[in-house]
Amino acid sequence: MNSRAVNSSAVNSSAVNSRDRVLARIDAIVPPRPAAEIAAGRAAIERDYLRRHSTGDVLDLLADRIAHYRATVRRVTPAELPGAVAARLAGRVYAVPEGLPRAWLARADPARLVEDPPVADLDALDGAVTGCAVAIAETGTVVLDHGPGQGPRALTLVPDRHLVVVEAARVVADVPEALERLDPARPLTFVSGPSATSDIELSRVEGVHGPRTLDVLVVA
Amino acid sequence: MTGSMPTYLGMPSFPEAAREAVGDTLLRRNLAHATGTIRARRAEAVAELPDWERLRGSARQIKDHTLAHLGHYLRLLEERVTGAGGTVHWAADAAEANAIVAALVEATGETEVVKVKSMATQEIGLNEALAEAGITAYETDLAELIVQLGDDRPSHILVPAIHRNRAEIRDIFRRAMPDAPAGLSDSPAELAEAARRHLRAKFLSARVAVSGANFAVAETGTLVVLESEGNGRMCLTLPRTLITVMGIEKLVPTFADLEVFLQLLPRSSTAERMNPYTSMWTGATEGQDFHLVLLDNGRTDVLADEVGRQALRCIRCSACLNVCPVYERAGGHAYGSPYPGPIGAILSPQLRGVGSKVDASLPYASTLCGACFEACPVAIDIPEVLVELRARAVESARHPLTDAAMAAAGWTLRSPARLALAQRAAGRFRRLTPRRLPGPLRAWTDTRDIPRPPPESFRAWWERTDGGRRP
């Protein structure tokens with residue numbers, strides 16, 4: 001059933017009233033101001049924090065910070081990449097999203113690659129190999145925008161392993177620079193290490209619902 | 001629009017509830033261990049950023065600006081979410097929010113939903129309301145699962161099962177999780193693995209999910225959820241219908257504003273540089289039906305209060321719980337609300353009013369030591385709000401005897417002659433001063449002795465010795 005049908009049901013009429021009631025109450029407490037005044041107020045917010053925290057080599061920092069989360073990380077040259085990818089995929093069946101550069105898979109066993117699998121098939125696969133949109137050195141974070149070479153969100157979620165190839169040009173020093181490069185109209189997934197939980201005695205334990213193994217290859 | 005959220009049935013006042021908790025040595029040991037660990041790690045994570053105070057100042061200003069123009073930003077958010085194919089619903093109170101969610105689930109024809117941990121849905125008692133509508137809600141966060149399987153109540157904002165140690169969790173899993181492996185040990189990795197297996201089939205078959213939200217970006221209509229386990233991603237991604245319930249205060253104006261909060265929140269809550277997973281989406285994504293339920297439930301009451309309003313800056317990190325000496329000893333249950341600890345002590349009475357015993361006592365559940373204010377990443381001055389709420393509790397429930405005593409004191413103090421007379425009388429009868437007060441004032445002397453009046457008042461001494469010049 002189309003859930004939008006709910007819009008015409010009884011829920012909607014009370015919701016419309018509540019919308020007006022809630023907004024009227026808010027407007028009575030903090031009266032509406034002209035758009036220009038709001039924009040000026042926003043511009044006056046002090047933002048004297050740092051745009052980046054480190055000044056050193058971002059690739060070294062990224063590798064260090066990813067390793068801290070107990071992900072595996074290795075720096076490779078473009079020439080070494082196909083071999084490194086093949087070594088990580090060896091003996092396992094991996095999902096490959098549409099748009100992934102074919103050169104990355106040049107040394108991998110094609111019989112063990114599944115192109116663009118439907119969501120229903122993902123649970124039977126060992127892992128997924130993708131690129132990324134941006135990587136944040138300071139926090140050891142890989143950001144997917146699920147564009148070409150990254151697959152829909154489920155692809156890097158359901159299988160137990162995720163191999164990410166991070167090209168040097170995609171690495172930024174810190175969080176503010178990362179957001180400048182990202183498009184909020186796209187779905188975004190920030191990944192910092194393998195799936196983990198702090199729910200038992202507040203200690204981080206790897207491996208709950210997302211991929212328990214995160215492999216990262218940084219290409220430069 | 002006063003909020004309604006469950007005050008747990010027959011909930012005693014904070015001191016009564018806390019007395020029992022403080023006597024529970026296992027609970028105190030579990031809490032001291034967990035909060036001690038996180039305090040040390042958080043301090044490290046914060047020290048790594050030399051501009052922490054500046055980030056904190058910006059966060060405070062961004063939130064205050066948003067609250068000062070809340071109507072504008074909510075309308076903008078609604079427009080952007082709708083423009084991106086989502087549907088926005090408004091709920092004035094808990095009952096309305098629950099009815100909206102139940103109707104949305106019923107419209108899909110499903111009777112089960114998977115849930116990501118959400119303070120807002122706990123606040124409105126959504127699971128119970130759905131159960132009444134014949135819909136089963138499955139909590140998928142590990143700690144929430146422990147609470148649900150243990151037929152227990154959450155006791156911490158971030159780690160609802162913080163009051164349980166690993167051995168207790170193993171026992172709960174063995175007892176209540178039908179597919180728990182035989183010989184399950186209490187190693188955290190094995191417990192996590194058991195939860196992974198238990199929920200996997202649920203995730204893959206679920207057609208409806210309910211989530212909360214950490215942030216919503218007004219200018220783009222983007223929703224943001226931070227999590228660790230991947231259960232959030234499962235719920236946000238796999239089901240065909242996604243229903244997000246969010247308090248009206250969770251807004252930030254622009255996408256760039258997230259650069260402040262994505263640095264403050266993970267370090268304040270789990271003491272990590274970044275939490276494992278953050279999901280952002282705008283409107284209907286990858287073919288989903290997306291519904292956003294905007295919840296008031298008492299928040300406009302808080303907004304109307306100029307001192308208390310700052311509580312709406314809260315980003316639910318729980319740093320204030322972990323540094324609070326009262327929370328560490330009393331635990332979360334004594335606060336009688338989904339929001340425990342220092343932030344709960346100012347949020348619950350404001351959202352619900354001080355009608356119940358527990359809410360009237362919450363402003364006193366603090367030593368005013370100020371550690372919570374110092375730890376708060378959005379600089380909420382919790383002690384300031386507590387003092388304000390205490391003053392109001394006194395205003396609204398003054399003891400008639402206090403009034404009489406104060407009136408008498410006022411009469412005496414207004415006249416120097418009457419004061420001198422009263423002081424001489426007190427000195428003369430000092431040996432007759434009882435150790436304990438009679439009648440309704442007795443409670444005050446349960447733990448203290450009445451100070452004896454001095455033999456001679458300062459005024460009398462000054463007069464007799466000419467300010468010390470005469471012996």
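**Figure 1. Asp27(A) is buried in a helix of chain A.** At 18% relative accessibility, Asp27(A) counts as buried in this predicted model. The cut-off for that word is under 20%. Asp27(A) belongs to helix H1 of chain A, which covers residues 10–29. Which residues does Asp27(A) contact, apart from its neighbours within four places in sequence? They are Pro32(A), Gly71(B) and Arg75(B).

**Figure 2. Arg212(A) takes part in a salt bridge with Asp160(A).** Side chains of opposite charge can pair when their charged atoms come close. In this view, the closest N and O atoms of Asp160(A) and Arg212(A) are 2.9 Å apart. The two residues come from distant parts of the chain, 52 residues apart. Asp160(A) sits in the loop between strand S6 (141–144) and strand S7 (161–167) of chain A. Arg212(A) sits in the loop between strand S11 (205–206) and strand S12 (213–219) of chain A. Buried or partly exposed: how does Asp160(A) count? Asp160(A) is partly exposed, with a relative accessible area of 24%. Arg212(A) is partly exposed too, at 28% relative accessibility.

**Figure 3. Arg212(A) also forms a salt bridge with Glu193(B).** The N to O distance for this pair is 2.3 Å. Arg212(A) lies in the loop between S11 and S12 of chain A, while Glu193(B) lies in helix H10 (residues 188–205) of chain B, so this pair joins two chains. Glu193(B) counts as partly exposed, at 23% relative accessibility.

**Figure 4. Shared partners build a salt-bridge network.** Salt bridges join Asp64(A), Arg65(A), Glu138(A), Glu48(B), Arg267(B) and Arg273(B) into one network. How many salt bridges are there over all chains? The count is 46.

**Figure 5. Eight strands make an open sheet.** Strands of a sheet pair through backbone hydrogen bonds, either parallel or antiparallel. Here the strand order is S8(A)-S5(A)-S6(A)-S9(A)-S9(B)-S6(B)-S5(B)-S8(B). The pairing is mixed. Which strands lie at the edges? They are strand S8 (171–172) of chain A and S8 of chain B, and each pairs on one side only. Strand S5 (residues 134–136) of chain A pairs with S8(A) in the parallel sense, over two bridges. Look for Ile136(A): its bridge partner in S8(A) is Val172(A).

Figure 6. A disulfide is a covalent bond between the sulfur atoms of two cysteines. Cys324(B) is in no disulfide, and the nearest cysteine sulfur, in Cys369(B), is 6.5 Å away. Cys324(B) is buried, with a relative accessible area of 10%. The cut-off is within 2.5 Å. Cys376(B) is buried as well, with a relative accessible area of 8%.

**Figure 7. Phe458(B), Trp461(B) and Trp462(B) form a nonpolar surface patch.** Together these residues have about 360 Å² of accessible area. Trp462(B) belongs to helix H22 (residues 458–465) of chain B. Trp462(B) is partly exposed, with a relative accessible area of 45%.

**Figure 8. Chain B, the setting for several of these views.** Chain B has 22 helices and 10 strands. The C-alpha trace of chain B spans about 95 × 55 × 45 Å along its principal axes. Of the 471 residues in chain B, 58% are buried. Among contacts in chain B with a separation of 6 or more, 73% come from residues 24 or more positions apart. Chain B exposes about 18500 Å², and carbon and sulfur atoms supply 55% of that area.

Conventions
Residues are numbered from 1 along each chain as its sequence is written. Chains are lettered from A and ligands numbered from 1 in the order in which they are written. This is a predicted model: local features need pLDDT of at least 70, side-chain atom pairs count only at pLDDT 80 or more; totals for chains, interfaces and linings use all residues. Side-chain values use heavy atoms; hydrogens and water are left out. Buried means under 20% relative accessible area, exposed over 50%, partly exposed in between (1.4 Å probe, protein chains only). Patches are made of residues with over 30% relative accessible area and no salt bridge: like charges are joined within 9 Å, nonpolar side chains (Val, Leu, Ile, Met, Phe, Trp, Tyr) within 5 Å. Accessible areas come from the Shrake-Rupley method with a 1.4 Å probe; for residues, only the protein chains shown count as cover. A salt bridge is a side-chain nitrogen of Lys or Arg within 4 Å of a carboxyl oxygen of Asp or Glu. Helices (H or I, at least four residues) and strands (E, at least two) are DSSP runs, numbered from the N terminus. Contact means heavy atoms within 4.5 Å. Two strands pair if DSSP finds at least two bridges between them.
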